[in-house]
2 protein chains.
Amino acid sequence: MARYSPSIQNLIAQLSSLPGIGGKSAQRLAFHILAMDDKDAEALTSAITAARQSTKRCTCCQNFTDSDPCPICSDPLRDKTTILVVESPRDVSTFERAHEYKGLYHVLHGVFNPMKSMSISDTTIPDLIKRLADHPEVTEVIVATNQTAEGNATALYLSRMVGPSGIKVSRLASGLPMGSDIEYADDLTLLSALKGRVMLSGENNEA
Amino acid sequence: MARYSPSIQNLIAQLSSLPGIGGKSAQRLAFHILAMDDKDAEALTSAITAARQSTKRCTCCQNFTDSDPCPICSDPLRDKTTILVVESPRDVSTFERAHEYKGLYHVLHGVFNPMKSMSISDTTIPDLIKRLADHPEVTEVIVATNQTAEGNATALYLSRMVGPSGIKVSRLASGLPMGSDIEYADDLTLLSALKGRVMLSGENNEA
């Protein structure tokens, strides 16, 4: 005998296919959804449908947006000479939260990853190349992909593709997080912090 | 400027109202849902709708089911003399997974909780009382509510309501979990394990 009825099992299966939702959480969510008011359940499903219908990619930066171009690309106060390249829309919100960066963005929607057969054309790198050609005012591309093998490979690819055009290509510094203990740092982070050490007196920064 | 477009913000708000989903997980889920194929997104929303439409409560045990009476209540091989009372449908599946209990269930869909103004009539206790009157073959009610103040209050209430009718009312043993270390047990569990200690030789079990 099945532990749950077919429609509940299907709901649990659908929920557990979402990222970060394991079997137990999916069960908990499913029974919560079954016990919801009709109004709340309707609000949940229509939020999913509405967000998917009204959300498109900004033709300029490829971020998810309701309006095209997105609020950041159409903001006259943003610095149009700098493009920060990130892997996902969530990374844009992380930078926006910090209120430090005033330039534009480009969302790759993925990284070069041969293991998952993600090639350059599965990302928006071709759109970025075209965007740079159309906007000669851009002087610097800051690559803010994650500090992973795939993120680094993507950064290297971008620097090779964009570098020859005379546009500066930089990468976010890697090293010890602020407030962290050296005792708990992993070997790769320590190595990268050591290689990227900054001169406090005497000579210039040695990269 | 809003960090996300209104429809995405609404989706994140809806998702973070679900149990166990915090702000970060809701963002992650929302962007996963936006990046889904149309087919997968349709499967998710229709699973929610279908499960809610086809799921009702079993008129006998009050568990969620597609068919009424539910597969457990209509199974001729189950022992009809024992009813195990649980707080939620998930608890039924926990017992079923253990393949030990062969009787019937009764799902309360809540517990007596004055703090959340949940009274007896917000649970299915009245249905249980009626069920016991209609089924004189029941000889024992095992109360398997959680080991919380509310679960204990509900168990006490049930024993007072059902006890006078001559039906045995029992409660799951509380004590140290199997395989646990005494060093890490909390005070209440230790106290309950001590009070419920079992005689290994000499006298009978001292409750």
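How many disulfides are there over all chains? I found 0 disulfides over all chains, taking a disulfide as a pair of cysteine sulfur atoms within 2.5 Å.

Before going on I noted that this is a predicted model, in which local features need pLDDT of at least 70 and side-chain atom pairs count only at pLDDT 80 or more, while totals for chains, interfaces and linings use all residues. Residues are numbered from 1 along each chain as its sequence is written, chains are lettered from A and ligands numbered from 1 in the order in which they are written, and side-chain values use heavy atoms, with hydrogens and water left out.

I then looked up Cys70(A), whose closest cysteine sulfur, in Cys61(A), is 3.6 Å away and therefore too far for a bond. Cys70(A) is buried at 2% relative accessibility (buried means under 20% relative accessible area, with a 1.4 Å probe and protein chains only). Cys73(A) is in no disulfide either, with the sulfur of Cys61(A) nearest at 3.7 Å, and Cys73(A) is buried too, at 12%.

Next I turned to the interface, where 52 residues from chain A and 53 residues from chain B are in contact, meaning heavy atoms within 4.5 Å. I wrote down about 4,400 Å² buried between chain A and chain B, 69% of it on carbon and sulfur atoms; buried area is the accessible area (1.4 Å probe) that two parts lose on being put together, summed over both.

Finally I noted 2 salt bridges across this interface (a side-chain nitrogen of Lys or Arg within 4 Å of a carboxyl oxygen of Asp or Glu), and one joins Arg52(A) to Asp38(B) at 2.6 Å, N to O.

Key:
Buried means under 20% relative accessible area, exposed over 50%, partly exposed in between (1.4 Å probe, protein chains only).
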